[in-house]
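Hi,

Here is the structure I promised to send over. Have a look at it, and then read on for what turned up.

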Amino acid sequence: MKTSERIINEAAQGMRSLDEAVDWFSSLDEGEQNSVLREIVLYLIQVHVTAEDGREGLARSGVKATMTPAVLIVREPILEQIGKIAGLPPNEYLKAFRVLLSTFAVADTRRRDTECQGACSHAWHNLS
Ligand SMILES: [Zn+2]
């Protein structure tokens, strides 16, 4: 499992704080950061993210509701909006990361609780 996949999933499962994940993200160069944003978008698609997840994720993200990634995440259709968030310019990357990762945490937690129930074979749900 690559580092980004591990860190994203540890944060989603509460094994790592959002601020710790942000510290790691900040240490990457711009190209790597862009790849990570696109990676989270893929995970959000896989987990069938909803607009409600976006609203709840934003509330946990620490990003002000007036910031561009925040404005986008609460709009529908959500799959189109998360693609736009991953395509924002580099000065938005940090806020985009917070919003997307927080939203993934909400969506993935719902999946773990309802579908996986501690008995799945997803490698990323069996980290420890
Ligand atoms: Zn699972």
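H48 sits in the loop that runs between α3 (30-46) and α4; helices here (H or I, at least four residues) are DSSP runs, numbered from the N terminus. Its phi is near 60 degrees, which is positive in a residue other than glycine. H48 has 13 other C-beta atoms within 10 Å and so is partly exposed. For that label, a residue is buried if 20 or more other C-beta atoms lie within 10 Å of its own, exposed if 12 or fewer, and partly exposed in between, with C-beta atoms placed from the backbone.

Before you go further, bear in mind that this is a predicted model: local features need pLDDT of at least 70, side-chain atom pairs count only at pLDDT 80 or more, and totals for chains, interfaces and linings use all residues. Residues are numbered from 1 along each chain as its sequence is written.

Q117 counts as exposed because it has 9 C-beta neighbours inside 10 Å. Then there is a cis peptide bond between E76 and P77, with omega about 0 degrees; P77 belongs to the loop between α5 and α6.

Next, α4. Which residues of helix α4 (residues 51-61) are buried? They are D53, G54, G57, L58 and S61. Looking down the axis of α4, these fall within an arc of 135 degrees, so they line one face of the helix (the arc is that of the directions from the helix axis to the C-beta atoms). Their cover includes α5 (68-73), α6 and α7. G57 counts as buried because it has 25 C-beta neighbours inside 10 Å. Leaving aside neighbours within four places in sequence, G57 is in contact with I73, V99, S102, T103, A105 and V106, contact meaning that the C-beta atoms, placed from the backbone, lie within 7 Å. Just after α4, G62 has a positive phi of about 80 degrees.

Now the helix pairs. The axes of α6 (residues 78-86) and α7 (residues 93-116) come within 9 Å and cross at roughly 150 degrees. Axes are lines fitted to C-alpha atoms, for helices over the stretch in contact, and angles run from 0 to 180 degrees between N-to-C directions. The crossing of α6 past α7 is left-handed. I82, I85 and A86 of α6 make the contact with A96, V99 and L100 of α7. By class that gives six nonpolar, no polar and no charged residues (Ala, Val, Leu, Ile, Met, Phe, Trp, Tyr, Cys and Pro count as nonpolar, Asp, Glu, Lys and Arg as charged, and the others, Gly among them, as polar).

From α1, I8, A11 and A12 meet L101, F104, A105, D108 and T109 in α7. Those residues divide into six nonpolar, one polar and one charged.

Finally, S4 is also in α1. S4 counts as partly exposed because it has 17 C-beta neighbours inside 10 Å, and it touches V36 and E39, not counting residues up to four places away in sequence.

Cheers

Key: Helix = DSSP H or I, 4+ residues; strand = E, 2+ residues; numbered from the N terminus. Left-handed = near helix turned anticlockwise from the far one by under 90°. Contact = placed C-beta atoms within 7 Å.
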